[in-house]
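User: I would like a close look at a single part of this structure. Please treat that part in one connected account.

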Amino acid sequence: MMQRICSAGIIGLFGFLFGIQPAFAGNTKQVFARLGMIERQSMLAHRMTKSACLVMMGANATIHSEVALATAQEFEAHMQVLIAGDDAQNVQKEVDPDLRTALLSTQEFSLGLTASSAQIASGDFHSVPVGLMITRNSDVARQMEGIRSGTFARYSSDFQNGDLAKTVHWANAQNALIQELLRDLCFITLDISGAGAKDALLEKLALFEARSVVLKEGSAAEGIVKAPNIHIKIELGKVISKWSKIKPYLEAAAAGKTSDLSDIQLAYVYGEAITDNLKKILDRYAKLLSTG
């Protein structure tokens, strides 16, 4: 039930944001539903792995095992819907041949990730599920990001307000990135991250900060809308404020320093709060457009 509610909320948001019939789509609402689900998949790919890693770390294992399992199940269900469509969720099957091929390939490859996340959530920390989780998470997330970007590019020329559409696209990218950063923090803390992870963490950290500023101030060059009212500005300010609480732990991990488990848990609390703020920002954009 919670999964369906979350999906419905995102679908409703895109229904407000994109107000024109795409060129080859038979039903605008179905296109909105597809975009919303794909945006969420990029975040779920990182969240399931982050939560499974936290189970291994022993940080609120009961809670995170439930999140890891539920997230893996949601990701699998969404992949099937995105490929085949589902009338109940108002999602059409993918008809673009390139995107369909990419979805089928990602679905097949991601089964190892979702199965491993579920195994770890149940307390199985053997080398096979852990190894699969580590090796496949980045690949699945990268493939899903390619699908996300490709789908947006396919439809973006049909949007009435292209700059606002891209702004929402960026905000959703931030939601995926904060989950990825917290996943990296867990991987590095447990020393299972692999070569180059610490330098990559610093690059992602800088990217999150740069995007946060652009979302607040806008950018003509990037086609990003400046925060249009005080409510959105406040929420973006909260994102930046909470980010300042997480950043020291990420920088410490990138420098090879260890943090207490309680400090790392606090970083995750702030991370989830940022996700909540980003959702409020998206809801504000939807409300603004629906009344304007």
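Where in H8 does a kink lie, and shortly before which proline?

Analyst: The kink in H8 lies at Lys245, shortly before Pro248, and amounts to about 35 degrees; the bend at a residue is the angle between axes fitted to the seven residues ending there and the seven starting there. This is a predicted model, in which local features need pLDDT of at least 70, side-chain atom pairs count only at pLDDT 80 or more, and totals for chains, interfaces and linings use all residues. Residues are numbered from 1 along each chain as its sequence is written, and side-chain values use heavy atoms, with hydrogens and water left out.

Helix H8 covers residues 230-254, and its 25 residues reach 35 Å from the first C-alpha to the last, close to the expected 36 Å (1.5 Å times one less than the number of residues). At its start, a side-chain oxygen of Asn229 comes to within 3.1 Å of the backbone nitrogen of His231. Just after the helix, Gly256 has a positive phi of about 85 degrees.

The crossing of the two helices, H7 and H8, is left-handed: the near helix is turned anticlockwise from the far one by less than a right angle.

Terms used: Helices (H or I, at least four residues) and strands (E, at least two) are DSSP runs, numbered from the N terminus. A polar contact is a pair of N or O atoms within 3.5 Å; within protein, one must be able to donate a hydrogen and the other to accept it, and residues adjacent in sequence count only if both atoms are side-chain atoms.
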